[in-house]
Amino acid sequence: MAGIKALISLSFGGAIGLMFLMLGCALPVYDKYWPLFLLFFYILSPIPYCISNACKELAIFLTTGIVISAFGLPVVFARADVVMQYFLFFGCSFTACIILN
């Protein structure tokens, strides 16, 4: 029963994070679609761990690099004035909801 609760909380956190990411990009007040590049990191993060059977340490290292990049991209966007400063907070928190849940 504990596995089902973990799966439900993981899917709920991912759905909430993706919903807020889409709303933050699609609302006419903000009208910036640059934050959607975070979806590449969300898709790429489990791939090294799923592919590698022989070298688990390398797969964990590569997955960690992708996750850190997903946290760093909102910082780069906020510093370059591509998006407003609110996205720095929300982008990192949504990444935490999706990847670290």
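Reader: Is threonine 95 buried or exposed, and what is its relative accessible area?

Author: The model is predicted, local features need pLDDT of at least 70, side-chain atom pairs count only at pLDDT 80 or more, and totals for chains, interfaces and linings use all residues. Residues are numbered from 1 along each chain as its sequence is written, and side-chain values use heavy atoms, with hydrogens and water left out. Buried means under 20% relative accessible area, exposed over 50% and partly exposed in between, with a 1.4 Å probe and protein chains only. Threonine 95 is therefore buried, as its relative accessible area is 0%.

Reader: In which helix is threonine 95 found?

Author: Helices (H or I, at least four residues) and strands (E, at least two) are DSSP runs, numbered from the N terminus. By that count the protein has five helices and zero strands. Threonine 95 is found in the helix of residues 86-99, α5.

Reader: By what distance are the C-alpha atoms of threonine 95 and glycine 14 separated?

Author: Glycine 14 has its place in helix α1 and is buried, because its relative accessible area is 14%. Along the chain, glycine 14 and threonine 95 are 81 residues apart, and their C-alpha atoms are separated by 8.9 Å.

Reader: And what separates the C-alpha atoms of threonine 95 and phenylalanine 71?

Author: These two residues are 24 residues apart along the chain. The separation of their C-alpha atoms is 6.7 Å.

Reader: Which residue spans does UniProt list as "transmembrane region"?

Author: The listing comes from an unreviewed UniProt entry; positions are in the numbering used here, feature names are shortened, and annotations may be inferred rather than shown by experiment. In the model, residues 7-27 are 95% helix and 0% strand, with end C-alpha atoms 30 Å apart. Residues 58-77 are 100% helix and 0% strand, with end C-alpha atoms 29 Å apart. The spans in the record are 7-27, 33-51, 58-77 and 83-100.

Reader: Which element gives the most to the nonpolar patch?

Author: Patches are made of residues with over 30% relative accessible area and no salt bridge, like charges being joined within 9 Å and nonpolar side chains (Val, Leu, Ile, Met, Phe, Trp, Tyr) within 5 Å; a salt bridge is a side-chain nitrogen of Lys or Arg within 4 Å of a carboxyl oxygen of Asp or Glu, and accessible areas come from the Shrake-Rupley method with a 1.4 Å probe, only the protein chains shown counting as cover for residues. Trp34, Phe37, Phe40, Ile43, Leu44, Ile47 and Ile51 make a nonpolar surface patch of about 720 Å². Two or more of its residues come from each of α2 (38-44) and α3 (47-51). With three residues, the element that gives the most is α2.

Reader: Why is the pair of phenylalanine 37 and phenylalanine 40 classed as it is?

Author: Rings of Phe, Tyr and Trp (its six-membered ring) pair if their centres lie within 6.5 Å; planes under 30 degrees apart count as stacked, over 60 as edge-to-face and the rest as tilted. The structure holds three aromatic pairs. In this one the ring centres are 5.8 Å apart and the planes are at 35°, so the pair is tilted.

Reader: Which residues do ring pairs link into a cluster?

Author: One member, tryptophan 34, lies in the loop between α1 (2-26) and α2 and is partly exposed, because its relative accessibility is 44%. Phenylalanine 37 is partly exposed because its relative accessibility is 37%. The cluster consists of Trp34, Phe37, Phe40 and Phe77.
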